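This report goes through one protein chain, from its overall make-up to a few single residues. Please keep the sequence and the structure in view while reading.

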Amino acid sequence: MPDDIDAVFKALANPARRDVITRLAYGPATTSALAGPLDMSLAAVVQHLQHLESADLVVSRKVGRTRVYELRQDGLSRLERWSASRRNRYEARLDRLDEVVAALTAADSTDQTNQKGP
């Protein structure tokens, strides 16, 4: 799975590819429609789409003479699962840290009370 996530991160590292993903969140689009708002050649957009497809973030199909792209929900779901597993691990560590700090604070309060005496 790490290789899969590496491919996803590598694909999403490029701003143009993130723009394509954002556009495809609204629904399928042709190569030309995706290239329209980007300031690059159609050939460059095709290369970006190939990166996204190889990372399993998008899927394409031929419709007549055009190619239509759409998001693969499983691709983004892998990223969400990876992120959630890390978040859960760090939240558990922070919860433990809170417990330690609370225990140390309570112990410090007890020590200060005992030092003041009656």
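The model is a predicted one. Counted in this way, the chain has five helices and three strands. Their order along the sequence is α-α-β-α-α-β-β-α.

**The chain as a whole**

The chain has 118 residues, and 26% of them count as buried. It exposes about 8,200 Å², of which carbon and sulfur atoms supply 53%. Among contacts between residues at least 6 apart in sequence, 48% join residues at least 24 apart.

**Helix 4**

Helix 4 covers residues 42-54, 13 residues in total. From its first C-alpha to its last it reaches 18 Å, close to the 18 Å expected at 1.5 Å a residue.

Which residues of helix 4 are buried? They are Val45, His48, Leu49 and Leu52. These residues lie on the same side of helix 4, because they cover an arc of only 100° around the axis. An α-helix has 3.6 residues a turn, so residues three or four places apart point the same way. On the other side of helix 4, the exposed residues are Ala43, Gln47 and Ser54.

**After helix 4**

Asp56 is not a glycine, yet it has a positive phi of about 60°.

**An aromatic pair**

A pair of aromatic rings is described by the distance of the centres and the angle of the planes. How many aromatic pairs does the count give? The count comes to one aromatic pair. Phe9 and Trp82 form it, with 5.1 Å from centre to centre and 75° between the planes. The pair is edge-to-face, because planes over 60 degrees apart count as such. Phe9 belongs to helix 1 (residues 2-12) and Trp82 to helix 5 (residues 73-116). The two residues are 73 apart, and the pair links distant parts of the chain.

| Residue | Relative accessibility | Class |
|---|---|---|
| Phe9 | 38% | partly exposed |
| Trp82 | 26% | partly exposed |
| Asp56 | 35% | partly exposed |

Definitions and conventions: Residues numbered from 1 in each chain as written. Predicted model: local features only at pLDDT ≥ 70, side-chain atom pairs only at ≥ 80, totals over all residues. Heavy atoms only, no water. Helix = DSSP H or I, 4+ residues; strand = E, 2+ residues; numbered from the N terminus. Expected span 1.5 Å × (residues − 1). Buried < 20%, exposed > 50% of the residue type's maximum accessible area, 1.4 Å probe, protein only. Arc of directions from axis to C-beta. Phe/Tyr/Trp six-rings, centres within 6.5 Å; stacked < 30°, edge-to-face > 60°. Contact = heavy atoms within 4.5 Å. Areas by Shrake-Rupley, 256 points an atom, 1.4 Å probe, with all protein chains shown as cover.
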